[in-house]
Amino acid sequence: MKWTKVEIITTTEAVDLIYVMLDDLGIEGIQIEDNIPLTQEEKDMMFIDFLPELPEDDGTAKVNFYVDVKGNNPDSDNESNKVDDMEAFIGLVREGLDDLKTRIDIGEGKITIEDTEDKDWLNNWKAFFKPFRVAEDIIIKPTWETLQDKKDDDIVIEIDPGTAFGTGSHETTRLCISALRKYIKENTTILDVGCGSGILSIISLKLGAKHVTGVDIDKAAITATYENMEVNNVSKDSMSVYLGNILEDEDLVDELDITTYDIVVANILADVIMPLSDILKDKISEKTLFISSGIIDIKKDEVKERLEANGFSIIEVVQMGDWYSYVCKK
């Protein structure tokens, strides 16, 4: 299968905003190359003997992603990162970069394009995905790695995200895990909107939730979730998974019966959380907590205003890096 690789040379400061811009254009998954040194906390969370030596951090970064250009793979049923007109698509990327220039230093902003094959990117990333602690006693371990350092009370989550988004390492996931740990009780039921590879759902069950329902718009995410349920011994009695778009499918919203959940968690992006809150305001019960994450700092005020306009009271705001999480109730 033939893919087209797109590389953007930018600054480390602009990476998160470029990620948000690409997500708005329908790109799922990016690869970041930079020379930012690991913090001591990050080193302590990694289960490897030797860390690679990086060149001095000069503030530059490369953002890479892959697209399926129309006509390259006529027999493919792939639904991710499809592009009908490459020239027009790159034009939209340039427009997005030009807009970001007015708010942040994006550096060179150079875009390069080259053709590649599946094998060049679908599996090579696995060499860089090592076990790590997402919390003091929660370890995310790729299925192909062997865990050496484990404490007796550690919760170990086996994960193989495949081509679905989500290894658990991003700040937004950590924010959600922190909130879930705080609010999950023995009989808690949870709706995980945008479940990705199922990390939050599975961790919720390991933390004591009674039942979790995951929903995602990506078929690859549903497949990855089922696979990760199996490897973590999660039964279908304790976890249900749905394919569909809550923002567009009223029948799906009715089937999910949102009013019955104790917690609704959404680790997505600000531009999805806001319209999601429009739907939840009429469906969520007064007992239900709404935990939202994936909110970049430049969008936090906009999200807060939308939540409050929809009748939500924000009871907790947590920040990690450039990202924010809101915990709220009606």
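Modeller: Helices (H or I, at least four residues) and strands (E, at least two) are DSSP runs numbered from the N terminus. This is a predicted model, in which local features need pLDDT of at least 70 and side-chain atom pairs count only at pLDDT 80 or more, while totals for chains, interfaces and linings use all residues. Residues are numbered from 1 along each chain as its sequence is written, and side-chain values use heavy atoms, leaving out hydrogens and water.

Biologist: Which sheet has E9 and E12 in its order?

Modeller: An open sheet of seven strands, ordered E11-E10-E9-E12-E13-E15-E14, with mixed pairing. E11 and strand E14 (313-320) each have a single partner strand, so one side of each is left without a neighbour in the sheet. On average, neighbouring strands of this sheet are turned by 15 degrees against each other, direction ignored.

Biologist: How do you know that helix H8 packs on this sheet?

Modeller: Contact means heavy atoms within 4.5 Å, and H8 (residues 270-283) touches E9, E12 and strand E13 (289-296). The direction of H8 makes about 155 degrees with that of E13; axes here are lines fitted to C-alpha atoms, for helices over the stretch in contact, and angles run from 0 to 180 degrees between N-to-C directions.

Biologist: Why are H8 and helix H9 called roughly parallel?

Modeller: Angles under 35 degrees count as roughly parallel, over 145 as roughly antiparallel, 65 to 115 as roughly perpendicular and the rest as oblique. The axes of H8 and H9 (residues 300-309) cross at roughly 5 degrees and come within 9 Å, and the pair is therefore roughly parallel. Ala270, Ile273, Met274, Pro275, Ser277 and Asp278 in H8 meet Glu302, Val303, Arg306 and Leu307 in H9. By class, this contact of H8 with H9 has six nonpolar, one polar and three charged residues; Ala, Val, Leu, Ile, Met, Phe, Trp, Tyr, Cys and Pro count as nonpolar, Asp, Glu, Lys and Arg as charged, and the others, Gly among them, as polar.

Biologist: Why are helices H1 and H3 called oblique?

Modeller: The axes of H1 (residues 15-24) and H3 (residues 86-101) come within 10 Å and cross at roughly 140 degrees. H1 and H3 are therefore oblique to each other. Leu17, Ile18, Met21 and Leu22 of H1 make the contact with Val93, Gly96, Leu97 and Leu100 of H3. The classes there are seven nonpolar, one polar and no charged residues.

Biologist: What is the handedness of the crossing of H1 and H3?

Modeller: The crossing is right-handed. A crossing is left-handed if the near helix is turned anticlockwise from the far one by less than a right angle, and right-handed if clockwise.

Biologist: Why are helices H4 and H5 called roughly parallel?

Modeller: H4 (residues 171-183) and H5 (residues 199-206) pack at an angle of about 25 degrees, with their axes 11 Å apart. They are therefore roughly parallel to each other, and their crossing is right-handed.

Biologist: What makes E10, helix H6 and E11 a right-handed unit?

Modeller: A crossover is right-handed if, with the strands pointing away from the viewer, the path from the first strand over the helix to the second runs clockwise. E10, H6 (residues 219-231) and E11 make a right-handed β-α-β unit. Strand E10 (residues 211-216) and strand E11 (residues 239-243) pair in the parallel sense over five bridges, and Val212 stands opposite Met239 in E11.

Technical notes
Two strands pair if DSSP finds at least two bridges between them.
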